[in-house]
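The exercises below ask you to work from the coordinates towards a description of one chain. Try each task on your own before reading its solution.

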Amino acid sequence: MVVGSVAAIGAGIAAIGAGIGIGQIGKGAVEGISRQPEAANDIRASMIVAAAFVEAVALFAVVVALLGNG
């Protein structure tokens with residue numbers, strides 16, 4: 001019973017970490033676009049790729065946390 005709780009906490013921490021990471025990526029992208037509006041398309045593309053990597057790592061962490069339940 002305790003192991004399932006630990007797995008749920010691990011999955012929650014992974015989700016929180018992903019949210020913080022994507023927030024920081026968005027913050028940096030908005031600041032970069034505001035400083036160099038002509039580079040908005042390049043910055044936006046890089047932001048989307050970085051956010052996808054963060055989501056993939058967070059999903060991997062959730063799966064590992066839930067598989068460690070056994």
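**Exercise 1.** How far apart do the end C-alpha atoms of residues 6-26 lie, and what are the percentages of helix and strand in this span?

*Solution.* Keep in mind from the start that this is a predicted model. The end C-alpha atoms of residues 6-26 lie 30 Å apart, and the secondary structure of the span is 100% helix and 0% strand. As a next step, turn to the annotation: an unreviewed UniProt entry lists residues 6-26 and 47-67 under "transmembrane region". Repeating the calculation over residues 47-67 gives end C-alpha atoms that are 30 Å apart, with 100% helix and 0% strand.

**Exercise 2.** Determine the secondary structure content and the end-to-end C-alpha distance over residues 7-67.

*Solution.* Begin with the record, in which UniProt places the feature "domain: V-ATPase proteolipid subunit C-like" (unreviewed entry) at residues 7-67. Over these residues the chain is 93% helix and 0% strand, while the end C-alpha atoms are 8 Å apart.

**Exercise 3.** Compare the reach of helix H2 with the span expected from its number of residues.

*Solution.* Helix H2 covers residues 40-67 and has 28 residues. From its first C-alpha to its last, H2 reaches 40 Å, which is close to the 40 Å expected at 1.5 Å a residue.

**Exercise 4.** What are the separations in sequence and in space for Ser 5 and Phe 60, and for Ala 61 and Ala 45?

*Solution.* Ser 5 lies in helix H1, residues 2-35, and is partly exposed at a relative accessible area of 40%. Ser 5 and Phe 60 are 55 residues apart in sequence and 18 Å apart in space, C-alpha to C-alpha. For Ala 61 and Ala 45, the corresponding values are 16 residues in sequence and 25 Å in space.

Key: Residues are numbered from 1 along each chain as its sequence is written. This is a predicted model: local features need pLDDT of at least 70, side-chain atom pairs count only at pLDDT 80 or more; totals for chains, interfaces and linings use all residues. Side-chain values use heavy atoms; hydrogens and water are left out. Helices (H or I, at least four residues) and strands (E, at least two) are DSSP runs, numbered from the N terminus. UniProt positions are given in the numbering used here, feature names are shortened, and annotations may be inferred rather than shown by experiment. The expected span of a helix is 1.5 Å times one less than its number of residues. Buried means under 20% relative accessible area, exposed over 50%, partly exposed in between (1.4 Å probe, protein chains only).
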